[in-house]
Every structure is written in C-alpha cells, then in structure tokens.
Amino acid sequence: MSHISAHIADLRKSYERAQLSEEASHADPLQQFDQWLQEAMHAQVPEPNAMTVATVGSDLRPSTRIVLIKGYDERGIVWYTNYESRKGQELAGNPFAALQFHWVELERVVRIEGRVERVSAEDSDAYFHSRPLDSRIGAWASPQSQVISSRSVLVANAAKYGAQFMLNPPRPAHWGGFRLVPERWEFWQGRKSRLHDRLRYVLHQNTWERERLAP
C-alpha cells in the first residue's frame, strides 16, 4: 500500500450536525426532499442542484455522471440533456435510473430510484428557450459522448451554428428533458459513531411506506 493510500485509509470524520427521525420527517418523500433541498440552498452549499444520475447499458454495466436538476413536482425529477448521449441511449434501452444528491456540508444524502420518461416536447421547448444563448448554441455544437479529434471541433461547430441561427436557435430534436418517476426514496443523515439515520420510502399501491434502515 502506498503512503497516499495509507493516509486515505486513516481519514475519519464524525457526523454530528443533525438527526433524522420518523416523527420529524414528512410522510410524503417529495415534501421531505423539498425541505432538504431548500435547506441546502439556504445554507449556500456549492451547487445544491447537482445530482448523480446512474444508468445501465445493454452490457449490464452501470455508468454515472453529474447533471443539474431543473424541476420537480409530484410527477418526478426533471433534467435536460442530449438524447443521443451515452445516458440518453442507455435510458432508451433500459428506462430505469437512480439519482443521488450529496450535500456534504449538511452531512446529507438523498437517493431516488424509478422509471424514466421523456418530458413533453412543449416542456423541452420552454426550458430550451429559457437558456442563455451560448448554451442553446452549445446544444447544437456538441455531439455529446462522441469521440472528437480536438476542442477545435466544438469551437468550429459553435461558430457555424451561431452564424446559422443568430439569436434564435431552435431546440435540436436530439435535445430535451428526462423525468424520473420515483418508486423509492432514501434520506441519509450522518450521525456519530457511524450510526447514521436512514429513512426509506417505498411506493406500494399508490401509498408511500416509510421504514428505517440500519446504517
């Protein structure tokens, strides 16, 4: 074992900021998520809207990446991306995913699992046209997840589409939103001595059942 590896093995942190009890949590996981996300935003943690998206390809190998949540309601969790990217293609073949939020400063994790569907074209259009112009051009310029020879390919594409569309680029057909419809939630609050609080919500016959998991 290298010196650096040995040092990593010795890292320890005691989680003592808060607790998560059945009595103090919401019966509806969406309300609990909304509360925690709002608290993360008020605490000004870095990028509280960042989440990991895990998908599984046809080879049964998992893949993760970081995206930004762009909306949530009783229908599910929404983000936007290139449908032809690796995650887009994997979701087309296997429409299930897992999401994870990690708010380190608050010693909290939220995990969400469920089926994924595309949002409506109208919703994708509305969000696309709310984006800054450079981001809209970027959606055309980047063949996401494909191999390119150099960064100059992106620069050239951006210049090409910028000249073509000027101030009004339309939404590309290959770009739009996904919505994860939750079937399972888990809320994790770090606690002292590694005796963390874990509350899981599982959907049974349209009713959320809350249960405690051992850490």
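What share of the 215 residues in the chain is buried? Buried residues make up 37%. Here, buried means under 20% relative accessible area, exposed means over 50%, and partly exposed lies in between (1.4 Å probe, protein chains only).

This is a predicted model, where local features need pLDDT of at least 70, side-chain atom pairs count only at pLDDT 80 or more, and totals for chains, interfaces and linings use all residues. Residues are numbered from 1 along each chain as its sequence is written, and side-chain values use heavy atoms, with hydrogens and water left out.

**Whole chain.** Start with a cartoon view. The chain has six helices and nine strands. These are DSSP runs numbered from the N terminus: helices are H or I with at least four residues, strands are E with at least two. The C-alpha atoms fill a box of roughly 60 × 50 × 40 Å along the principal axes.

Select Ile 4, Ile 8 and Leu 11. They form a nonpolar surface patch with about 330 Å² of accessible area together. Areas come from the Shrake-Rupley method with a 1.4 Å probe; for residues, only the protein chains shown count as cover. Nonpolar side chains (Val, Leu, Ile, Met, Phe, Trp, Tyr) are joined within 5 Å, like charges within 9 Å. Now pick out Ile 4, in helix α1 (residues 3-9). Ile 4 counts as exposed because its relative accessibility is 59%.

**Largest pocket.** Select Tyr 80, Arg 131, Ser 135, Gln 144 and Trp 175. Of the 17 lining residues, these lie nearest the pocket centre. The volume is about 360 Å³. A pocket is an open set of points on a 1 Å grid over the protein atoms alone, where a 1.4 Å probe fits, with protein on both sides within 12 Å along at least five of seven lines; lining residues have an atom within 4 Å of a point. Next, colour β2 (62-68), β4 (76-82) and α5 (133-141), the elements that give two or more residues to the lining. Helix α5 gives the largest share, four residues.

**Two serines.** Go to Ser 145, in the loop between α5 and α6 (151-165). Its phi is positive, about 75°, although it is not a glycine. Ser 145 is exposed, at 54% relative accessible area. Finish at Ser 193, in the loop between β7 (175-189) and β8 (197-204). Phi of Ser 193 is also positive, near 60°. Ser 193 is exposed, at 55%.

Key:
Points joined across faces, edges and corners; volume = space filled by probe spheres on them. Patch = residues over 30% accessible without salt bridge, like charges linked within 9 Å, V, L, I, M, F, W, Y side chains within 5 Å. Salt bridge = Lys/Arg side-chain N within 4 Å of Asp/Glu carboxyl O.
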